[in-house]
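Please open the model in your viewer and keep the selection panel at hand. The stops below say what to select next and what is there.

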Amino acid sequence: MSAVSVTYAAERRTGGLLALVPGTAGLLTVAALGIALLLFLIIKARLQPFVALLAVSIAVGLGAGLSVTELFGTVQKSGAVSLVEAGMGGTLGHIAVIVGLGTMLGSVLEASGGAEALSGRLRALFGEHRAPLAMGVTGVVFGIPVFFDVGIFVLAPIVYAAARRSGKSILLYALPLLAGLSMTHAFLPPHPGPVAAAGLLHVDLGLVILMGAAAGVPAVLAAWAYAAWIGRRVFVPVPEEMAAAAEEAKRAAATTAATAAQKGSSGPGQGPGPGPAPEQPVALGALLAVIGTPLLLILLATFSSVVFAPSTGRSVVEFFGHPFVALTIALLLAYWLLGLRRGWSRTSLEAVSTASLKPVGNILLVVGAGGVFGAVLKGSGVARALADAFAGAGLPVVVLAWLIAVALRVAQGSATVAIVTTAGIVAPLLAGGSGGGHSQAQSALVVVAISAGSVFASHVNDGGFWMVSTYFGIPERETLASWTVLESVLSVAGFAVAAALSAVVP
């Protein structure tokens, strides 16, 4: 049975909950109960999101009348479609490689001291009186290859130092940095959110980068304006205990590096040394080359596919611009420019890369489970029923995508869960049928809208809220007034640009 026949067979199913409430009304009831169950399991039962998504996917499939064979296949090899395997494999087959390579790239940038070098150059460029702007630009540039929480960990000491020198509120320096990190994490690949949404909706990653930047830059400017306003009105002192701990960790790292160097790495690529000596600064050109190379290659491949006719030259550009190849090139560049050329050993590079992949497992499993959820929604006919219902609401898809993502984000806190669940719900609206056909550019703007909705109003059910509060010593009430509002400004501004562009982009 093909996937298409499974989808159309959903209209004639009478099993599960459809035995009590047949037709479209039953499918919509299944969808509503499924989303409610997902929120209950994550918020109240505190079930791990991967397990919750998988359990709800199975429950929705059974409730919509799917058979066990349709959900799981058979023990013997046959032509039966396993929606669970197809959803998991189809999603992770594209996303896992990108997230893995991007994570290793960010780890090398972090361990090499690139963040401090970049921040120092930007402070010198903007001047001490524009230090908050320098913090914001640091967050944007360093946030492209580095996860949000890693960026906070690495860059927080720089914020402490700037706030202590000025004697002003730490909010004035922390919020622009956080806005930059959050914008890149939400809007730009290779971060998991936009990559997951692009994969689930089958959108070209180059267009997601282009549209993400088009919406993300105005959004971060709006967030910086709010950061400047609130930073002058709410004074929060530098958390001395966190600053002292950061300095101690920095001294320990320098001592470890010096000790390892004395034990004798005989040259680049040799010996056990963990990395370069702390007195060796990272060249700004090397940093920009490592960060900019994958973005440039991916964008060139996207433009060549639109502008040029099929040819050998276009094939070469598209080969090097494929995200897998572009990120591999960037990682190898980082290994050489930031590692081996500065005295790192091959063993050190391997250790740093391997360690960086440990936290990725949870992200990939949640995204994969989101793919299962989307496959079950499609295969059971629930997605089509939702698409018809939303199409009847008369709202553009980009608006619906943002509203659904906002609702899920505020309700359960996880941006990743909000993204993968929303993508599964709106996917049929981007295809033909009730939602009408959408171009790749329009679909990319829907990805941006989903990503923007996924960062709205970070509050007490979001781990990022507590990370910001703890790292920068901001009391909970002030965190709500600063960080929560900052994320909402970022979300609304990014969505507004995406919605405006969707009205003019063909």
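**First stop: Leu39 and its helix**

Select Leu39, whose place is in helix H2; helices here are DSSP runs of H or I with at least four residues, numbered from the N terminus. Before going further, note that this is a predicted model, in which local features need pLDDT of at least 70 and side-chain atom pairs count only at pLDDT 80 or more, while totals for chains, interfaces and linings use all residues. Residues are numbered from 1 along each chain as its sequence is written, and side-chain values use heavy atoms, with hydrogens and water left out.

Leaving aside residues up to four places away in sequence, Leu39 touches Lys44, Leu408, Ala411 and Gln412, where contact means heavy atoms within 4.5 Å.

**Second stop: H2 against H19**

Now select residues 23-44 (H2) together with residues 397-412 (H19), which pack at an angle of about 30 degrees with their axes 10 Å apart; axes are lines fitted to C-alpha atoms, for helices over the stretch in contact, and angles run from 0 to 180 degrees between N-to-C directions. That angle makes H2 roughly parallel to H19, since angles under 35 degrees count as roughly parallel, over 145 as roughly antiparallel, 65 to 115 as roughly perpendicular and the rest as oblique.

At this contact, Ile35, Leu39, Ile42 and Ile43 in H2 meet Leu408, Ala411 and Gln412 in H19. These contact residues divide into six nonpolar, one polar and no charged, with Ala, Val, Leu, Ile, Met, Phe, Trp, Tyr, Cys and Pro counted as nonpolar, Asp, Glu, Lys and Arg as charged, and the others, Gly among them, as polar.

Move to residues 463-471 (H22) and 476-502 (H23), and ask at what angle H22 and H23 pack. The angle is about 115 degrees, with the axes 10 Å apart, and that makes H22 roughly perpendicular to H23.

Show the side chains of Gly464, Phe465, Trp466, Val468 and Ser469 in H22, which meet Glu476, Thr479, Leu480, Trp483 and Thr484 in H23. The residues of this contact divide into five nonpolar, four polar and one charged.

Terms used
Helix = DSSP H or I, 4+ residues; strand = E, 2+ residues; numbered from the N terminus.
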